[in-house]
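Thanks for coming, everyone. Please have a look at the structure on the screen before I start.

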Amino acid sequence: MSKGKFISFEGGEGTGKTTQVKLLRDRLITEGKDVILTREPGGAPGAEEIRQLLLTGNPDKWVPMTEVLLFYAARVDHLKRTIQPALQAGKWVICDRYADSTFAYQGAGHGLGASVVEEIHRITTDDFWPDMTILLDIDPEAGLRRANAREADISEDKREDRFEKMAQGYHQRLRQAFLQIADKNQDRFRVITAEGSISQVADNIWHQVAITFGLNP
């Protein structure tokens with residue numbers, strides 16, 4: 001059976017990734033593709049347990065290196081148990097975040113640097129990357145307003161808002177880091193503004209996916 005395709009979605013807080021990954025999955029299914037939807041951190045039982053350690057609590061809960069190692073512990077479990085078996089079975093995998101988030105959030109946002117994360121990524125994943133990455137770009141202030149509104153109806157002890165609580169300067173560094181990563185990897189990345197309507201963003205995403213993989217526009 002032919003190998004499937006791996007598409008990741010990236011971006012800062014409040015870009016609408018969770019909505020858009022579902023819409024892309026539904027569109028691919030109408031095209032006859034066998035699709036699984038997954039997320040990081042998470043996507044496998046052990047990785048989901050690590051997710052709770054990473055996304056809840058105070059912003060200074062972990063030192064940066066501990067945080068990176070926890071993300072990669074979850075990522076390896078996710079790759080081995082979910083992503084790679086699905087691809088080998090010929091399925092399309094759509095992932096809400098992957099390693100580019102670690103390069104942006106911990107490498108740039110926390111100041112660890114790209115070279116440190118690159119070495120960890122190479123050792124733990126054998127330098128495994130998606131076939132395509134969609135970067136949803138939005139002004140950080142607008143994104144945080146969206147994210148905070150989303151979390152408002154969730155009880156405080158269950159909110160996955162640890163990164164949203166970080167200072168405004170962190171989120172500005174994060175946006176610039178994502179854009180720089182995309183610029184260095186133009187063969188893989190497609191940058192799409194997240195500030196339009198849900199349907200407009202979804203149409204722009206589909207246009208890029210269709211062109212890249214030879215699907216109906």
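This is a predicted model: local features need pLDDT of at least 70, side-chain atom pairs count only at pLDDT 80 or more; totals for chains, interfaces and linings use all residues.

Let's begin with the helices. H4 covers residues 99-109, and H5 covers residues 114-125. They pack at an angle of about 145 degrees. Their axes are 9 Å apart. The crossing is right-handed. Which residues meet there? From H4 come Ala99, Thr102, Phe103 and Gly107. From H5 come Ala114, Val117, Glu118 and His121. By class, that contact has 4 nonpolar, 3 polar and 1 charged residues.

Now the salt bridges. A search of the whole structure finds 10. I'll show three of them.

Take Arg97 and Glu10. Their closest N and O atoms are 3.8 Å apart. Arg97 sits in the loop between strand E3 and H4, while Glu10 is in strand E1. That puts the two 87 residues apart. Are they buried or exposed? Both Arg97 and Glu10 are buried.

Next, Glu40 and Arg75. This salt bridge is 2.6 Å, N to O. Glu40 lies in the loop between strand E2 and helix H2, and Arg75 lies in helix H3, so the pair ties together parts that are 35 residues apart in sequence. Both Glu40 and Arg75 are buried.

Last, Glu119 and Arg122. Here again we have a salt bridge of 2.6 Å, N to O. Both residues lie in helix H5, 3 residues apart, about one turn of the helix. Glu119 is partly exposed, at 38% relative accessible area. Arg122 is partly exposed too, at 43%.

One more point, on networks. Shared partners join Glu10, Glu13 and Arg97 into one salt-bridge network.

Notes: Residues are numbered from 1 along each chain as its sequence is written. Side-chain values use heavy atoms; hydrogens and water are left out. Axes are lines fitted to C-alpha atoms, for helices over the stretch in contact, and angles run from 0 to 180 degrees between N-to-C directions. Helices (H or I, at least four residues) and strands (E, at least two) are DSSP runs, numbered from the N terminus. A crossing is left-handed if the near helix is turned anticlockwise from the far one by less than a right angle, and right-handed if clockwise. Contact means heavy atoms within 4.5 Å. Ala, Val, Leu, Ile, Met, Phe, Trp, Tyr, Cys and Pro count as nonpolar, Asp, Glu, Lys and Arg as charged, and the others, Gly among them, as polar. A salt bridge is a side-chain nitrogen of Lys or Arg within 4 Å of a carboxyl oxygen of Asp or Glu. Buried means under 20% relative accessible area, exposed over 50%, partly exposed in between (1.4 Å probe, protein chains only).
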